[in-house]
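Biologist: Hi! Could you walk me through this one while I have it open on my screen?

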Amino acid sequence: MRYMMTYDLMETVRNTNQWLGATALSMASYPVFSALPNPALSWMAAWGEVTERTYQRMVVKPDWGIRTFTCEDGKDHLVDIVTVVERPFGDLIHFKVNDREEQPRKVLLVAPMSGHYATLLRSTVQSLIVNCEVYVTDWHNARDIPVSAGKFDVEDYTLYLADFMRELGPDCHVVAVCQPAPLTLAATAYLAEQDPTAQPSSLTLIGGPVDPDATPTEVTDFGRRVTMGQLEETMIQRVGFKYKGVGRKVYPGLLQLASFMSMNGERHSKAFMDQIQRVSRGEASDHDAHNRFYDEYLAVMDMTAEFYLSTVERIFKNREIARNEFVVAGHKIDIGKITDVAVKTVEGTNDDISAPGQCIAALDLCTGLPESKKASHVEPGAGHYGIFAGRSWRDNIRPLVIDFMNENSRRPVAKNTSRKPARTPTPA
């Protein structure tokens, strides 16, 4: 009961701040005050608008916002988001462009389960949908999953990925972003032993902690400093009465968000103060750069307690994948069994979450894979976000990844399809 009250208390604090922002905006915008212009009232209204929006976004799942896509025929085609595989803790969804010929590459984009929704990869999806059939792992918010659905830890996550790969078949190309990189590698090795015909054509790992100790960061150091008992006592709470998952033990998204914000506290504080000034001067808009970024960044989801704790213990502390000692459903996985799936790693020199060296460690683990099927790329000047969604991804990394897919496809791909000019999907 104590943990339920703690979870509800966090929600109460968030709700109160949202209410305070709405109240300040309403009070300072009262029409009678227009007869007595006062800069303080303008600032108060701006503070209220930014504060209300900030705290409201924390509990709202963002929309993908990909409505139409302009194809080679010059027409706008509707984009449907189709659920291919439906599971309690996450679905496999397909961005289907209506009335368009099937594209030469089938891409499974494995989204991270690290506090944000899969929509964090919106721009990545938009860039790949140009000439790929894009499938995404859409993980669910743990607070909305009833206790009756059971547990979900790193082993269950790995088995989900293996099932998604089976569904898409051997001509699929898998791209794992950040947190799922080591588990996607393990899922591929699992298929190599259990169901070789279901292995994907290629595997691209982007900025993931395959070996967290290769180049330690603040994130990996935190995992070393605290004990599992401390984590379970201070980070794990039970979902409150407001949600379907009442009673489920989770690592709350609000705690993860606080952790994210604290890593660059001064930068975020300045960003919000600058936005308040812009709103007070009438220079802000509903979809300006600040709102576009923070509407996504602030939207967080809870993770199941067993997933969070097993990730810290088995991936970071015990380094089970880095040591090739990972066990799934009683079966010890041997990453060396991957023999014909091309593997590429992508890292950024300025990545402060998964520093260069952590992801490329995957290539050393693939002892059964010929060197001709291994590749790596380190993007100069790129941070963590930039290697999968920023300018570095669009201008440099995406073309390399597409070429890598073409070179290792199990079905013919026309050479001129790798670098078609990107036509941006347009939101409604």
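Biologist: Before that, what kind of model is it, and what are the ground rules?

Modeller: This is a predicted model, so local features need pLDDT of at least 70 and side-chain atom pairs count only at pLDDT 80 or more, while totals for chains, interfaces and linings use all residues. Residues are numbered from 1 along each chain as its sequence is written, and side-chain values use heavy atoms, with hydrogens and water left out.

Biologist: Good. How do H7 and H11 pack?

Modeller: H7 covers residues 228–235 and H11 covers 305–317; their axes are 10 Å apart, at an angle of about 155°. Helices here are DSSP runs of H or I with at least four residues, strands are E runs of at least two, and both are numbered from the N terminus. The axes are lines fitted to C-alpha atoms, for helices over the stretch in contact, and the angles run from 0 to 180 degrees between N-to-C directions.

Biologist: And how are H7 and H11 oriented to each other?

Modeller: Roughly antiparallel, because of that angle. The cut-offs are under 35 degrees for roughly parallel, over 145 for roughly antiparallel and 65 to 115 for roughly perpendicular, with the rest oblique.

Biologist: Which residues make the contact?

Modeller: H7 brings Met228, Leu231, Glu232 and Met235, and H11 brings Tyr308, Leu309, Val312, Glu313 and Lys317. Contact means heavy atoms within 4.5 Å. By class, that contact of H7 with H11 has 6 nonpolar, no polar and 3 charged residues. For the classes, Ala, Val, Leu, Ile, Met, Phe, Trp, Tyr, Cys and Pro are nonpolar, Asp, Glu, Lys and Arg are charged, and the others, Gly among them, are polar.

Biologist: What about H4 against H11?

Modeller: H4 and H11 have their axes 8 Å apart, at about 95°, and are therefore roughly perpendicular. On the H4 side are Val154, Glu155 and Tyr157, which meet Phe307, Ser310, Thr311 and Arg314 of H11. The H4 and H11 contact divides into 3 nonpolar, 2 polar and 2 charged residues.

Biologist: Switching to electrostatics: how many salt bridges does the structure hold?

Modeller: There are 24. A salt bridge is a side-chain nitrogen of Lys or Arg within 4 Å of a carboxyl oxygen of Asp or Glu.

Biologist: Let's look at Arg166. Which partners does it have?

Modeller: Asp163 is one of them, at 2.8 Å from N to O. Asp195 also forms a salt bridge with Arg166, with the closest N and O atoms 3.1 Å apart. Asp195 sits in the loop between helix H5 (181–194) and strand E7 (202–206) while Arg166 is in H4, so this pair ties together parts that are 29 residues apart in sequence.

Biologist: And Asp163, where is that relative to Arg166?

Modeller: Both are in H4 (residues 154–168), 3 residues apart, which means a separation of about one helical turn.

Biologist: How accessible are these residues?

Modeller: Asp163 is partly exposed at 26% relative accessibility, Arg166 is partly exposed at 32%, and Asp195 is partly exposed at 22%. Buried means under 20% relative accessible area, exposed means over 50%, and partly exposed is in between (1.4 Å probe, protein chains only).

Biologist: Now the cysteines. Is Cys172 buried or exposed?

Modeller: Cys172 is buried, at 1% relative accessibility. This residue lies in strand E6 (residues 172–177). Leaving out residues up to four places away in sequence, Cys172 touches Lys106, Leu108, Pro200, Ser201 and Ser202.

Biologist: And Cys178?

Modeller: Cys178 is in the loop between E6 and H5 and is buried at 13%. Its phi is near 65°, a positive value in a residue other than glycine.

Biologist: Where does Arg319 lie?

Modeller: Arg319 is in the loop between H11 and strand E11 (327–328), and its phi is also positive, near 50°.
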